[in-house]
Amino acid sequence: MGNILLGLLPALMWGIQPIVMQKIGGKATNQQMGMSMGALLFSLGILIFHQPDAWTWNLIISSFLCGLVWSYGQINQIKSFHLIGVSKAMPISTGAQLIGTALFGVLYFGEWQTTMQYVLGITALVLIIIGVTCTAYQEKSGEDSKEGQNMKKGLIILALSTVGMVLYAVIPRIAGISGWDAVFPQAVGMLVGAIILCHFEEKPDIWGKKSFQNIATGLVFAVANIGLLLSNEANGVAVGFTLSQMNVVVSTLGGFFFLHEVKTKKELWITIAGLALVVIGGILIGLTKA
């Protein structure tokens, strides 16, 4: 039971991360900088208790690059929150990441070898695609309306975000580095990437008050990240990965109840149905890793 609760820790923390972020507020640049600073502060604490056996160039460069692509993915995800809301953006983002990492695993790493893995995996991808389509449903919203335009922009931005998030997930595996060893150099890359990307935005205000308040968001993210590493050790990657994906339930429901994001009754039920499909798809993908 304790291991399962540990496995749900990253789901809870990643789920409340966008809620905390939106409650604190600020520009996308403030939120990005705050997250990066919080992650770096947390990584310094980890560094005191865990240091790599050797600081190799492979570890440093790969981890730093991992942090850079995370910054690209994260700032675009944050922009999508401002456009379409957390309750719409998170299921789409999570579903797209599940599809991206699964396809990368199949095409690059050759993870699916058996017929059952292909059956489970393809079924999962179909369910996730249907589920994501459901969560993006808008009732009586023409393409030329403000809501329709925001949704189109949000989907494009989430596609860009997915590229960064998928690379963030797969680079450590390609490089063959430990998640624990990567925590500090990765966080440095996150902060450097945030500073660079934020300077491309209009009036970034990266060192403003809201940036420092959003350090709390970064700490929430960092706890989730460490929780996943601990869960993977205790439960195995298949269970740890699957449980972590339950964050989409927390963030979507949190968008309804804590951020008061408005949906019609029909949109709400279709979103919940889509959310269930994304979760089932995530579980099936986890089973292919068993």
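# Helix packing and side-chain contacts

Gln17 is buried, because its relative accessible area is 4%, which falls under the 20% limit for that class. The model described here is predicted. Gln17 belongs to helix H1. Apart from residues up to four places away in sequence, its contacts are Met35, Gln74, Thr217, Val220 and Phe221.

## Helix pairs

Two packed helices are described by the angle between their axes and the distance between the axes. Helix H1, which spans residues 2–24, packs against H11 with 7 Å between the axes and an angle of about 30°. H1 and H11 are therefore roughly parallel to each other, since angles under 35 degrees are placed in that class. Their crossing is right-handed. On the H1 side, the residues that meet H11 are Pro10, Ala11, Leu12, Trp14, Gly15, Ile16, Pro18 and Ile19. On the H11 side, the partners are Asn247, Val250, Ser251, Gly254 and Gly255.

How far apart are the axes of H3 and H6, and at what angle do these helices pack? The axes are 8 Å apart, and the angle is about 160°. H3 and H6 are therefore roughly antiparallel to each other, because an angle over 145 degrees counts as such. The crossing of H3 and H6 is left-handed.

Asn58 lies in helix H3. With a relative accessible area of 39%, Asn58 is partly exposed. The C-alpha atoms of Asn58 and Ile177 are 8.1 Å apart in space, while the two residues are 119 residues apart in sequence. Ile177 is also one of the residues that Asn58 touches, together with Ser63 and Ala175, when residues up to four places away in sequence are not counted.

## Salt bridges

How many salt bridges does the model contain? The count comes to two. In one of them, a side-chain nitrogen of Lys79 lies 2.8 Å from a side-chain oxygen of Glu201. This pair links distant parts of the chain, as Lys79 sits in helix H3 (residues 57–84) and Glu201 in the loop between helix H7 (179–198) and helix H8 (209–213), 122 residues apart. Glu201 is partly exposed at 27% relative accessibility, and Lys79 is partly exposed at 24%.

The other salt bridge joins the side chains of Glu111 and Arg173, with an N to O distance of 2.1 Å. Here too, distant parts of the chain are linked: Glu111 is in the loop between helix H4 (86–107) and helix H5 (115–135), Arg173 is in helix H6 (residues 146–175), and the two are 62 residues apart. Arg173 counts as partly exposed, at 45% relative accessibility.

Most residues other than glycine have a negative phi. Which phi values do Lys203 and Asp205 have? Lys203 has a positive phi of about 45° and is not a glycine. Asp205, likewise not a glycine, has a positive phi of about 50°. Lys203 is placed in the loop between H7 and H8, and Asp205 is found in that loop as well. Glu201, the salt-bridge partner of Lys79, also lies in the loop between H7 and H8.

Is Lys203 buried or exposed? Lys203 is exposed because its relative accessible area is 63%, a value over the 50% limit. Asp205 is partly exposed, with 42%.

The relative accessible areas of the residues discussed above are collected here.

| Residue | Relative accessible area | Class |
|---|---|---|
| Gln17 | 4% | buried |
| Asn58 | 39% | partly exposed |
| Lys79 | 24% | partly exposed |
| Arg173 | 45% | partly exposed |
| Glu201 | 27% | partly exposed |
| Lys203 | 63% | exposed |
| Asp205 | 42% | partly exposed |

## Glu261 and its polar contacts

Where is Glu261 placed? Glu261 is in the loop between helix H11 (247–257) and helix H12 (265–288). A polar atom of the Glu261 side chain lies 2.7 Å from the backbone nitrogen of Val86. The Glu261 side chain also makes a polar contact with the side chain of Ser87, at 2.6 Å. Leaving aside residues up to four places away in sequence, Glu261 touches Gly85, Val86, Ser87, Lys88, Gly255 and Phe256. Among these, Gly255 is also one of the H11 residues that meet H1.

Notes: Residues are numbered from 1 along each chain as its sequence is written. This is a predicted model: local features need pLDDT of at least 70, side-chain atom pairs count only at pLDDT 80 or more; totals for chains, interfaces and linings use all residues. Side-chain values use heavy atoms; hydrogens and water are left out. Helices (H or I, at least four residues) and strands (E, at least two) are DSSP runs, numbered from the N terminus. A polar contact is a pair of N or O atoms within 3.5 Å; within protein, one must be able to donate a hydrogen and the other to accept it, and residues adjacent in sequence count only if both atoms are side-chain atoms. Contact means heavy atoms within 4.5 Å. A salt bridge is a side-chain nitrogen of Lys or Arg within 4 Å of a carboxyl oxygen of Asp or Glu. Buried means under 20% relative accessible area, exposed over 50%, partly exposed in between (1.4 Å probe, protein chains only). Axes are lines fitted to C-alpha atoms, for helices over the stretch in contact, and angles run from 0 to 180 degrees between N-to-C directions. Angles under 35 degrees count as roughly parallel, over 145 as roughly antiparallel, 65 to 115 as roughly perpendicular and the rest as oblique. A crossing is left-handed if the near helix is turned anticlockwise from the far one by less than a right angle, and right-handed if clockwise.
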